Amino acid sequence: MKKLSLSLIAGLVGLALLSCSTSSDYSAEVESVAFDMHAPLQVPALSSFAQTAPRALQGQYRPAQWHDLPGWSEDNGEHLWITLINNCRGLMRPVSGSLTIPARATPQDWQPFCRDVAEFSREHGETPELGAMKFFLEQHLQPWALVGRGMATGYYEPIVHGSKSRGGQNQWPMYAVPKDLLTIDLAGVYPELAGKRVRGKVEGNKVVPYDSRAQIAARADKPPVIAWLNDPVEAFFLQVQGSGRVQLDNGRSIRLAYADHNGRPYTSIGRWLADQGELPLAQTSMQNIKAWAQQNPHRVDEMLNVNEAMVFFREEAIQDSIAGPKGAYGIPLVAQRTVAVDPDYVPLGSPLYLATTYPASNAPLEKVVFAQDTGSAIKGAARVDFFWGSGDAAGEQAGRMKQDTQVWVLWPVGMGEPNAR
């Protein structure tokens, strides 16, 4: 990679404000490490953690009691303990102190708790008896009400069809990270840009914005392709979700996991169709957009290129039916036990108690979940995005979810209110 002078970097400030990333580097730090969800939990000594500076949180927290949590007695505990064990794996990673990584729960507060989790797991396994598990949580964690009501939406992992080689209907490429993509951290020179990164490439002696979707498609030296999908709209929505499973034509399945992006702003193709008078905005579902694309194949590229943003992927093997894609915290998500949050209010790695309702209904959805992901649209106190799992049924639930919600942060007893590093 060519080295950049400070003068070139300084010239990128305007670009940073237009194309900064909201994704995390936790996944990048651990992507080369095989993640075994069922391995014994290892907890390092408390003295091994670096004393990094505290991160300010914007949330207001009020102490509560477990009996204040609606529906706690009805939580059936499915996949709760294994998700907790793996959440401790994330909490017990070394602390870098980097401001480009979203705020994480302070590991020093959690080390004694995770040590007790490891000991409990050695005695009871990863599926302990429900009463014993709940008693453990009640004795070790203090609920803190996050002041303010919020909203819960949903997301999922699509399952799409394709091939490792181009042919027949499989014409839509899912790219790996291009070799010429630069990711530049400006926080060292401009502290006000802490946590924001620029994507670009070198042209001559200048750094310019990275190519748009249309420009990538027109290049002779395109990025390497991981898989070719059989439907352009499904390929587009897989990029919007950030990860997905591909059922290959040889019967095997792989996961496309988020690796990076081109730094371009996202533009809704649904809104473009509405502005063009092609579909009413209220009817721009994936199914209706797919139908429009089938009726207008000559305009598919025109529609897709309205959105200049492009996501790049890495291939992951699917080895565990419980493990979903890795979220922004670098931990595999677990269906209906993990959520995306705004880390300015809820640090990543925090267990939460969520009180909301099922999509398009008043039926209570109340359970312990874990803050293991982020999203550009997930902003504000008590704002969560609920991970429903993989496939069409999960997608239907996710697409209909827009519910009022309350959130409690669960923090180790005796460690004060939630805090972050």
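Buried residues (under 20% relative accessible area, 1.4 Å probe, protein chains only) make up 53% of the 421 residues in the chain. The model is predicted: local features need pLDDT of at least 70, side-chain atom pairs count only at pLDDT 80 or more, and totals for chains, interfaces and linings use all residues. Residues are numbered from 1 along each chain as its sequence is written, and side-chain values use heavy atoms, without hydrogens and water.

Of the contacts (heavy atoms within 4.5 Å) with a separation of 6 or more, 80% join residues 24 or more positions apart.

Beyond four places in sequence, Val117 touches Leu41, Trp81, Leu84, Ile85, Cys88 and Phe136.

Leu80, Trp81 and Leu84 in α4 meet Met133, Phe136 and Leu137 in α6. By class, this contact of α4 with α6 has 6 nonpolar, no polar and no charged residues.

Asp75 lies in the loop between β1 (61-63) and α4 (80-91). Asp75 has a relative accessible area of 3%, so it is buried. Leaving aside neighbours within four places in sequence, its contacts are Leu130, Lys134, Arg337, Glu366, Lys367 and Val368.

Definitions and conventions:
Helix = DSSP H or I, 4+ residues; strand = E, 2+ residues; numbered from the N terminus. Buried < 20%, exposed > 50% of the residue type's maximum accessible area, 1.4 Å probe, protein only. Nonpolar A, V, L, I, M, F, W, Y, C, P; charged D, E, K, R; others polar.
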